[in-house]
Amino acid sequence: MNKNKNMAREQHEEENALVIWNISNCPIPVGHDPLQVVPRIQTALEKLRRDRPYGSLSITAISDNLTEIPGEDVMRKLSSSGISLKHAHALPSFSETGVQTDLYQWASRNPPPATIMVITGHEELEHLASTFSGLEEEGYRILPTYPQSNPAPPSLPKLCFWETLLSDADNKLVTTSRLIFHGTGGYPWSCSVCYFDAPILEDFTNHLKSETHAYFEWDRFASKNKIDRTNPANMQLGRSEEWDLLAKPDMMRRAEVLKLRGAFAPPRSRPVDANSFKEPFKSGE
Ligand SMILES: [Zn+2]
């Protein structure tokens with residue numbers, strides 16, 4: 001067998017792994033070192049290993065409010081240890097954050113056998129149950145991980161508790177997994193609300209604090225809640241130059257479309273007060 005065939009066989013015998021971590025639902029408990037998250041995850045994976053050694057491993061932490069949870073200092077530590085960061089719109093349920101898309105995207109590039117660990121609250125895990133069983137049928141192994149304080153729902157398979165995983169300092173265990181520093185979309189830092197990928201962490205945190213990001217967050221909230229975005233009174237105009245630059249043309253375009261559609265426009269559903277929107281990074285106020 002020639003060298004290339006040997007290499008291909010060796011690669012095939014390895015098993016790639018993906019970890020998707022909802023850091024809003026499963027924050028790092030007080031007293032745990034953020035720099036230890038990667039080795040602890042690697043240890044947990046190693047202990048749950050099948051017969052094949054691991055190949056590449058990608059870890060992405062997702063939150064609707066990264067600059068607050070975990071905060072910029074921890075964001076820096078997680079990034080420096082090789083964890084990708086992704087902003088998603090408010091996370092009432094994982095299924096609304098496009099995580100399914102992330103899972104399928106990764107699966108399309110990483111054929112089974114492969115392992116996917118999803119760290120989040122049990123409600124989100126239950127939302128993803130059908131996605132998981134579809135992936136399992138294709139030969140992927142799913143490892144749901146969630147906080148111990150939650151009652152274990154009977155619908156979930158064998159589980160790993162988040163706190164147990166973080167406390168297991170078994171440093172003797174050697175892992176074969178090779179951490180690769182990019183998210184499922186290929187970039188270490190991304191905002192799925194604005195479709196923004198950042199080349200460096202500083203650009204990413206600046207983006208999350210920008211008016212452009214705030215506008216697109218609001219726009220998504222407004223769309224979800226059927227707020228009339230053709231009414232200037234709802235558009236928070238005058239908030240900043242950057243905001244107005246985005247909001248005004250959007251509003252005028254929508255008004256034009258509405259005029260064109262006229263009577264054929266679909267009926268409006270339940271109106272929601274535009275002021276009920278809370279910016280995630282100002283939620284503590
Ligand atoms: Zn954004």
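Start by selecting Trp-21: leaving out residues up to four places away in sequence, Trp-21 touches Cys-26, Ile-59, Thr-60, Ala-61, Ile-62 and Ile-119. Here, two residues are in contact if their C-beta atoms, placed from the backbone, lie within 7 Å. What you have open is a predicted model, in which local features need pLDDT of at least 70, side-chain atom pairs count only at pLDDT 80 or more, and totals for chains, interfaces and linings use all residues. Residues are numbered from 1 along each chain as its sequence is written.

Together with Trp-21, they touch the most other members of the largest nonpolar core, which has 44 residues. A nonpolar core is a set of buried Ala, Val, Leu, Ile, Met, Phe, Trp, Tyr and Cys residues joined through C-beta atoms within 7 Å. Buried means that 20 or more other C-beta atoms lie within 10 Å of a residue's own; exposed means 12 or fewer, partly exposed is in between, and the C-beta atoms are placed from the backbone. Another core, of five residues, lies apart from the largest one and includes Ala-214, Tyr-215, Trp-218 and Met-235.

Zoom out for a moment. The protein chain has 10 helices and nine strands; helices (H or I, at least four residues) and strands (E, at least two) are DSSP runs, numbered from the N terminus. Of its 285 residues, 31% are buried.

Next, select helix α4, residues 99-109. Which of its residues are buried? Val-99, Asp-102, Leu-103 and Trp-106 are. They sit on the same side of α4 because they cover an arc of only 95° around the axis, the arc being that of the directions from the helix axis to the C-beta atoms. Turn to the other side of α4 and you will find Thr-101 and Ser-108 exposed. Show β1 (15-22), β4 (114-119) and α6 (129-138) as well, for the buried residues of α4 pack against these elements.

The peptide bond from Pro-112 to Pro-113 is cis, with omega near 5°. A second stop of this kind is Pro-70 in helix α3, where the bond from Ile-69 is cis with omega near 10°.

While you are at α3 (residues 67-80), bring in α8 (residues 201-208): their axes come within 11 Å and cross at roughly 170°. Axes are lines fitted to C-alpha atoms, for helices over the stretch in contact, and angles run from 0 to 180 degrees between N-to-C directions. The two helices are therefore roughly antiparallel to each other, the word for angles over 145 degrees. To see the meeting place, select Thr-67, Glu-72, Met-75, Arg-76 and Ser-79 in α3 with Leu-201, Thr-205 and Leu-208 in α8.

Move on to Tyr-54, in strand β2 (residues 54-63). Is Tyr-54 buried or exposed? Tyr-54 counts as buried because it has 20 C-beta neighbours inside 10 Å. Beyond four places in sequence, its contacts include Glu-14, Ala-17, Leu-45 and Thr-175.

Finish in two loops. Tyr-195, between β8 (189-191) and β9 (196-198), has a positive phi of about 55° although it is not a glycine. With 9 C-beta neighbours inside 10 Å, Tyr-195 counts as exposed. Gln-236 lies in the loop between α9 and α10, with a positive phi near 55°. Gln-236 is partly exposed, having 18 other C-beta atoms within 10 Å.

Definitions and conventions: Parallel < 35°, antiparallel > 145°, perpendicular 65-115°, else oblique.
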